[in-house]
Each structure stands twice: as C-alpha cells, then as structure tokens.
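Let's take a walk through this structure together, one region at a time. Have the viewer ready and follow along as we go.

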Amino acid sequence: MSASSIDSLDDVLAARLATQRERQRYRRRVTTTGKVAEKGGHLRREGGETLAFCSNDYLGLAGDPRLAQALAEGARRFGTGGGASHLVCGHSEAHEHLESRLAELAGCQRAVLFSSGYQANLGVISTLLGRGDVALHDRLNHASLLDATRLAGATLERYTHRDGDDCGARLSEVEAARRKLVVTDGVFSMDGDTAELEPLATHCERHRAWLMIDDAHGFGVLGAHGGGTREAQGLDPSRIAVTVGTLGKAFGTQGAFVAGSETLIDALIQFSRPYIYTTSLSPALAWATLTSLDIVRDEPERRAHLLSLIERFRRGAASLSEFDLHLTPSATPIQPLVIGSSWSTTGEGRQENRQGVNEAAALRLSAELESAGLWCSAIRPPSVPAGTSRLRFTLSAAHTHEDIDRLLSALFTTARRLSSARRRLA
C-alpha cells in the first residue's frame, strides 16, 4: 500500500469527531475567569456571572481565602513544584505531614500521595493484580478503575450495582483465581448513591478476596468527621484492604491518596509505576490541604448545611416526575435528574429510536437553565448508559437555601415550557 493511499491522521480523527457531534455527544470546554468567592457557588464565564451546580467543590473550600493563604505560605516555604519524584528528592515535609493526617482521617496505618485519583487507581490495581488475577467491579464503577484493571492485565468481572449477594455469587465462580480484588466506588459519581460496604466486606472475608474502596466523592462529606462512606456506615477500617480518596473535591485542592496498612503503602512506594515515575504533587498544595483538613475537622456545620440543602432540593424536585424527569435515590451532594423516555418522541408522538435524541433533550434542558444564569452540564453516554442522559446537579456548602429555591423555580419553569411545546407537536 502506498503512503498516498493511507488516510491522513486528520481525516481519521475528523470522521470520529463528526460521529460524536451527530450522536449529540460532542463535549465543549467552557473557560471560567475566576470564582466570585464572596458569593459562594457563583462563577464568572463567557456571558457573565453564573450560579454553578456542576462543581465537585462540596464543602465550598476551593475558594476559601484560608486555603489561598496557606497555599502562598507553602509556596514561600517549599516552592511551587515538587522538583522530582518522591523517591528522588521530591518528598517534602509538607507531603509527609499530609500523608500522616490523611491516614488518620481514613482510620488506617499509613497513606501515600498521588498526583490524581486516576493515577492512584492505576497505581494500586497494577501493583496488586496481574495476569491470572480477577478484579470484580460494581457495574457502575468509575472509568479509571476499569482502565486500571485492563492495564494490569487482570480479568475484569462485574457484579450487579450495589448487590452484595451477587458479588458473593460471582466470587464463588472465580474461586480458583490466584488473587481476587473486589472494587467499588464509595459514592457513585453519576448516580449519587453509595455502596453497601458491610455485605461486600463479609463476602470478601468469606472468599479470601481483598476489598478496595474508591471514596473520591465521600471523603470530607460523609461521616461525623468527614471520614467518608466507611465512617458513615460504621465499618471497621481494618476490613477494607485499600482506600482511595481525592483532594480536588471536598478538600478544595488537588491530588489523591491511598490509605491502608503499612505493608500496602510500602509496596506501592516500591512497585507502583504511576507513583515511582511521576513528579511529586506540589508541596505548596500539600501544605494548603493541611489547612483544608483542619476546616473539615473543626467546622462540621459545613456538612450539616450541605445536608439541609440536599434535603431541600430533593423535597422540591420530587414533583418533576410529572414531566418525566426523575431524581435518582441519592442522599449525597450528587443529585442526578434523569431524562425520561417521553422526551424522545417524534412530532407524531411515536417513540424515536435514533441515537442522540435522549442526549439532545439533556442538552436542551441544560441550555435553558444556562440562559437563566444556572450552570449544570448535561451528562451523556459513555459516562452513563445509553438512554439515561441526565442533568447532574452537584450541591455545595457554598450554596444557600435561596440558591436552591432559584434552581427549583427555573427547573419547573423550563420543564413546564418544554413539555407544553412537546405536547403541541405530538
């Protein structure tokens, strides 16, 4: 085959991009120009100021001036960059203090820092598993956990979402595997519900499997002290082999950590390639996160206020079901509103089977809210299963009750107007 007959790189990628647009799955970045810190969840973006309901800043700490002050202090004290990997000369006093505090919060012997949650999951699973091993995942686990399993060369199996009995049955089927790792999100990022940890731990103990929890969306938010899903459910931390958490959500900074036994953490330091071959997290950010942990510990009223916002939103949004918009069962700051099947009909009232119709409805709802000064991104496949596109509202302690009421009013006004328009076309 001649070189001239080979499609160019741009031609190949352009075709894929065109398909993405046709299926209503094309993603666009929006550039913000700063947080309006004094107004909590407000952000500046093109078109002016907007009230955001799509951030993972659950405790409103990302714009807290105390963290900015600590970040500046950390930069003056340690510099802005790590300068090297942790195992060369990039492990500072700030990192050491933060790892100790995170281990304490997780109820574990020790913790180790990673630059992101994605890297942490890659690092853990590739260290623990290889060919001949099995990772048994909750069906709705985060993509990074699935990618980590595939890259490790382990067999990827799945059990029914939040179904401990099915997990136990699947463990029985893979009894002969060399090593078995049960993996679950603590809080599921697209649905907002939580894993039931007790039955998972029991089945792991019965079948000699290890239990790994990715609690990226639980730490700082759930539990009396912000210790996450495990603390909220009262499970002894010794029953969890691996706990992963992130710092860029409730803690308002950046990075991730893995917590567990002394032996686990030592093994990750020795064998985890994403840890060994990556420049360390900014020590200034690590220093700022220590202040964030102080706030999480000393200001439980942030979690109490957040809970009151969640309850207010769920009470007000429940009646959106009359417009075929349905809240998922969630008691966390993640509050998805799934687009029902009636939004995928033709003008003659027939159900439309074309790909992209459900996605288009989610985009239309998001655009209508945006025109009202409210920012909530439409979530579409492959982030969620086909036919379940949604608006994923994320609430923050930076929001007020008045913010929730404004959101609810706009939601009902938009749903009522668009539903009437669809009925006229039917």
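Is the crossing of H4 and H12 left-handed or right-handed? Before you turn to it, keep in mind that this is a predicted model. The crossing is left-handed. To find the pair, look for helix H4 at residues 93–106 and helix H12 at residues 283–298. Their axes lie 8 Å apart, and the helices pack at an angle of about 30 degrees. Angles under 35 degrees count as roughly parallel, and H4 and H12 are therefore roughly parallel to each other.

Now zoom in on the side of each helix that takes part. From H4 come Ala94, His95, His97, Leu98, Arg101, Leu102 and Leu105, and these meet Pro283, Ala286, Trp287, Thr289, Leu290, Leu293, Asp294 and Arg297 in H12. Sorted by class, this contact between H4 and H12 holds 9 nonpolar, 3 polar and 3 charged residues. If you wonder about the spacing of numbers in such a list, an α-helix has 3.6 residues a turn, so residues three or four places apart point the same way.

Helix H7 covers residues 164–173, and its axis comes within 9 Å of the axis of H8, with a crossing of roughly 15 degrees. H7 and H8 are therefore roughly parallel to each other. Their crossing is right-handed, while that of H4 and H12 is left-handed. On the H7 side you will find Gly164, Asp165, Cys167, Gly168, Leu171 and Ser172, which meet Pro199, Leu200, His203, Cys204 and His207 of H8. By class, the contact of H7 with H8 is made of 5 nonpolar, 5 polar and 1 charged residues.

Why does Asp191 count as buried? Buried means under 20% relative accessible area, and Asp191 counts as buried because its relative accessibility is 17%. Its contacts, leaving aside neighbours within four places in sequence, are Leu140, Thr328, Pro329, Ser330, Ile334, Pro336 and Arg390. Past the helix, Arg208 belongs to the loop between H8 and strand S8 (210–214). Arg208 is exposed, with a relative accessible area of 74%. Its backbone is worth a click too: phi of Arg208 is near 55 degrees, a positive value in a residue other than glycine.

Another residue with that feature is Asp324, whose phi is near 65 degrees, positive in a residue other than glycine. Asp324 lies in the loop between helix H13 (301–317) and strand S11 (325–327). Asp324 is buried, with a relative accessible area of 17%.

Next comes helix H14, residues 357–371. This helix has 15 residues and reaches 21 Å from its first C-alpha to its last, close to the 21 Å expected at 1.5 Å a residue. Which residues of H14 are buried? They are Val357, Asn358, Glu359, Ala361, Ala362, Leu365, Ser366, Glu368 and Leu369. H14 is followed by Gly373, which has a positive phi near 85 degrees. The peptide bond from Pro381 to Pro382 is cis, with omega near 10 degrees.

Arg139 is in the loop between strand S5 (134–138) and helix H6 (143–152), and its relative accessible area is 46%. Not counting residues up to four places away in sequence, Arg139 touches Arg158, Tyr159 and His161. Ser261 falls in the loop between strand S10 (256–260) and helix H10 (262–271), with a relative accessible area of 31%. Beyond residues up to four places away in sequence, Ser261 touches Gln109 and Arg110. Gln20 is in helix H1, residues 9–22, and has a relative accessible area of 27%. Apart from its neighbours within four places in sequence, Gln20 is in contact with Arg25, Tyr26 and Arg27.

Notes:
Residues are numbered from 1 along each chain as its sequence is written. This is a predicted model: local features need pLDDT of at least 70, side-chain atom pairs count only at pLDDT 80 or more; totals for chains, interfaces and linings use all residues. Side-chain values use heavy atoms; hydrogens and water are left out. Buried means under 20% relative accessible area, exposed over 50%, partly exposed in between (1.4 Å probe, protein chains only). Contact means heavy atoms within 4.5 Å. Axes are lines fitted to C-alpha atoms, for helices over the stretch in contact, and angles run from 0 to 180 degrees between N-to-C directions. Helices (H or I, at least four residues) and strands (E, at least two) are DSSP runs, numbered from the N terminus. Angles under 35 degrees count as roughly parallel, over 145 as roughly antiparallel, 65 to 115 as roughly perpendicular and the rest as oblique. A crossing is left-handed if the near helix is turned anticlockwise from the far one by less than a right angle, and right-handed if clockwise. Ala, Val, Leu, Ile, Met, Phe, Trp, Tyr, Cys and Pro count as nonpolar, Asp, Glu, Lys and Arg as charged, and the others, Gly among them, as polar. The expected span of a helix is 1.5 Å times one less than its number of residues.
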